[in-house]
Amino acid sequence: MPEKSKRPKVILEPDQRKQLVNIQRRLFLRSGLTLGAVSMLTGCNMQDGDEVDKVLWAMSRWNDRVQGWLFSGTKLAQTYRADQITKPFRFNAYYPEYNVPEIDIPNYRLEVSGKVQKKTPWTLEQLQRLPQSSQITRLICIEGWSAIGQWSGVPLKVFLEHVGADLNSKYVGFKCDDRYYSSIDMATALHPQTILALDFGGEPLPPDFGYPLRLRMPTKLGFKNAKHIGAIFVTDDYPGGYWEDQGYNWFSGI
């Protein structure tokens with residue numbers, strides 16, 4: 001029998017993906033509304049984007065609070081054996097693979113700001129001298145796929161303690177060298193499996209997976225795991241995120 005032709009893989013540019021996400025966000029949030037939530041829409045025309053969006057955003061923030069209440073700072077995500085690692089591991093970003101940023105490693109410095117005592121930038125060598133932790137965990141993407149990888153690096157809690165961060169603050173934010181940005185709650189930042197990953201598969205992070213530094217959290221969806229991190233800040237002001245500001249659930253716990 002003749003081999004079935006494969007559909008060509010479509011690679012969307014950032015602007016195209018942004019438009020698609022705006023559509024998906026509204027459909028996703030609306031599909032998740034309970035009967036009680038729908039009753040809140042009484043008097044709203046479902047075509048009235050502004051009014052409906054206000055309700056959808058309110059429901060999303062409510063979901064954030066509920067997930068925060070349910071989150072356990074001690075419960076660990078499942079770990080796996082080395083023979084269960086996904087090969088090849090999948091690339092994922094808000095841009096095509098050919099747009100992975102080039103980082104000037106000799107001059108790389110991790111900036112630190114916000115509610116911390118020590119705001120001196122960090123070199124990779126300094127990060128590598130901190131206590132390290134390793135894990136084989138599953139990254140789960142909001143697009144419906146998952147992959148198991150081996151990550152190692154500095155526990156974020158250890159790093160925050162070294163810079164004298166106010167651990168009673170609400171948020172830790174990340175600014176990345178690929179213009180991505182995201183943020184997490186402090187409880188997740190202090191979770192033992194939340195690390196600033198320096199290595200993948202026993203080797204320095206490859207560019208496709210966040211070189212030279214990325215966030216790795218098996219307790220949250222993949223888009224929360226910021227790559228190419230260039231700055232970390234601690235704050236009590238809600239920092240948002242690249243996808244979160246377009247409607248994705250901010251907490252996004254698993």
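Author: Happy to! Let's start where β4 and β9 pair in the antiparallel sense, over 6 bridges. Two strands are said to pair if DSSP finds at least two bridges between them. Strands themselves are DSSP runs of E with at least two residues, numbered from the N terminus. Within this pairing, glycine 173 stands opposite phenylalanine 233 in β9.

Before going further, a word on the source: this is a predicted model, in which local features need pLDDT of at least 70 and side-chain atom pairs count only at pLDDT 80 or more, while totals for chains, interfaces and linings use all residues. Residues are numbered from 1 along each chain as its sequence is written, and side-chain values use heavy atoms, with hydrogens and water left out.

Now back to the strand. β4 also runs antiparallel to β5, and 5 bridges join the two. β4 and β5 form a hairpin with 4 residues between them, and arginine 179 in the turn has a positive phi of about 75 degrees.

How many residues of strand β4 are buried? Of the 6 residues in this strand (171-176), 5 are buried, so β4 is largely enclosed by the rest of the structure. Buried means under 20% relative accessible area, exposed means over 50%, and partly exposed lies in between, using a 1.4 Å probe and protein chains only.

The structure holds 5 salt bridges, each being a side-chain nitrogen of Lys or Arg within 4 Å of a carboxyl oxygen of Asp or Glu. Aspartate 185 forms one of them with lysine 220, the closest N and O atoms being 3.4 Å apart. This pair links distant parts of the chain, 35 residues apart: aspartate 185 is in strand β5 (residues 181-185), and lysine 220 is in the loop between β8 (214-216) and β9 (229-235). Both aspartate 185 and lysine 220 are buried.

The loop between β8 and β9 also holds lysine 224, which is linked to glutamate 244 in the segment after β9, 20 residues apart. Glutamate 244 counts as buried because its relative accessibility is 0%, and lysine 224 counts as buried because its value is 1%.

For contrast, aspartate 83 and arginine 81 are both exposed. They too form a salt bridge, with their closest N and O atoms 2.9 Å apart.
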